[in-house]
Amino acid sequence: MRGVWLIILLGVALLLALDLAFVSWWYALDEGPVRLEVPTADGWTVVAWHRKAVQRRYALPVVLCHGLANNHSFMEFRGDQNLAKFLSEAGFDCYSVDLRGAGAARAPDEGPWDASFDDHVKLDLPALVDAVCAHAGTTQVVWVGHSLGGLVALAASSSTLKDRLAALVTIGSPVFLKLPKRMPGLVRLARMACVWGQFDSTLLRFIAPLAGRAPPPKITRATANLRNMDPLTQRFLVANVFAPMWKGVLKQIEDWLRTGAFRSMDKSRDYREGLPAFSAPTLVIGGTVDFLAPPDTTREYFDLLTMPVRQLELFGRSYGHSAEYGHGDLIVGMQAHVEVYPVIARFLEANVVKVAAS
């Protein structure tokens, strides 16, 4: 009997391996950017993927940062749905990053096997900005962050990245997390399900061929307005962009949900308190049906900002756009390259110094 179960288990393992190999091959993204490995002060290796400007017109590099449970492929996606490629064609040198735990980032051999939001702020961002500046020959960068990728820059703007950000674009970044009361419980369940410090959402790759074909679970409402994403895009996303979620990051988010705070793990630093002192030009982007960062809380976040150049842009049909925009579709929606990307490019073109004419 044991032999039968062993054969069954081996058969299941083989099928899963074949499925993963098929997904990796069939839904592979085109290669383009060059990989730059970046050591952090605590022994991690995070990664910046460099896409050169087609014709460099602007003096500062643009760092594009993914959100929670994503990796750099979200900014370096496919076809027209590739924000890094769009900005490179507009004249910007672009660096899409993998924070610790995401994409090609690597832990030191001895671990650790957990991380917090604060680790991104204190360790990943300074290392990445230093490396990008050294590679580009500058002292500052422009930061474009989606969701948590915008939050880490806001948190670092008054501490580890003080005076290092020449301009900032946040896209669907929920500085205020005002979500249904069940959400802290769901985050806690995910945290309890962590193995080796992580909730491994990359396992979703096994079901990539079903994305856009089968009815999605309700929880996907938090990730995007799927009506604004074609089925093939959904399959490529599931196959490529997901990354594990750290137990420590989930614990911090659970604290923010329960208390309404946006603060460090040890509660000693209120990240919102530093926002009024941030002076770099800032563009805040939100979607009309973004579950995580709805318009009211996006406006509330925008009202905290006091820099001379600040701009709020909401995307949805009531603002003349082709669809209601949710969370992830602000980057990979069907018309994001026509409606969202040009707004980002125009803001950066107006606020980043051009390369001196030779």
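## Surroundings of Gly149

In this predicted model, Gly149 is in contact with Cys65, His66, Gly67 and Trp143, once its neighbours within four places in sequence are left aside. Gly149 itself belongs to helix H4, which covers residues 148–156.

An open sheet is formed by eight strands, which follow one another in the order S1-S2-S4-S3-S5-S6-S9-S10 with mixed pairing. Strand S1 (34–39) and strand S10 (310–315) are its edge strands, each of them pairing on one side only. On average, and with direction ignored, neighbouring strands of this sheet are turned by 20° against each other.

Within the sheet, strand S2 (residues 45–51) and strand S4 (residues 94–98) run antiparallel and are joined by five bridges. Arg51 has Cys94 as its bridge partner in S4.

## Helices against the sheet

Helix H3 (residues 117–136) packs on the sheet, where it touches S1, S2, strand S3 (62–65), S4 and strand S5 (141–146), and its direction makes about 40° with that of S2. Helix H8 (residues 295–304), for its part, lies across strand S6 (165–171), strand S9 (282–287) and S10, and it runs at about 175° to S10.

Technical notes:
Residues are numbered from 1 along each chain as its sequence is written. This is a predicted model: local features need pLDDT of at least 70, side-chain atom pairs count only at pLDDT 80 or more; totals for chains, interfaces and linings use all residues. Side-chain values use heavy atoms; hydrogens and water are left out. Helices (H or I, at least four residues) and strands (E, at least two) are DSSP runs, numbered from the N terminus. Contact means heavy atoms within 4.5 Å. Two strands pair if DSSP finds at least two bridges between them. Axes are lines fitted to C-alpha atoms, for helices over the stretch in contact, and angles run from 0 to 180 degrees between N-to-C directions.
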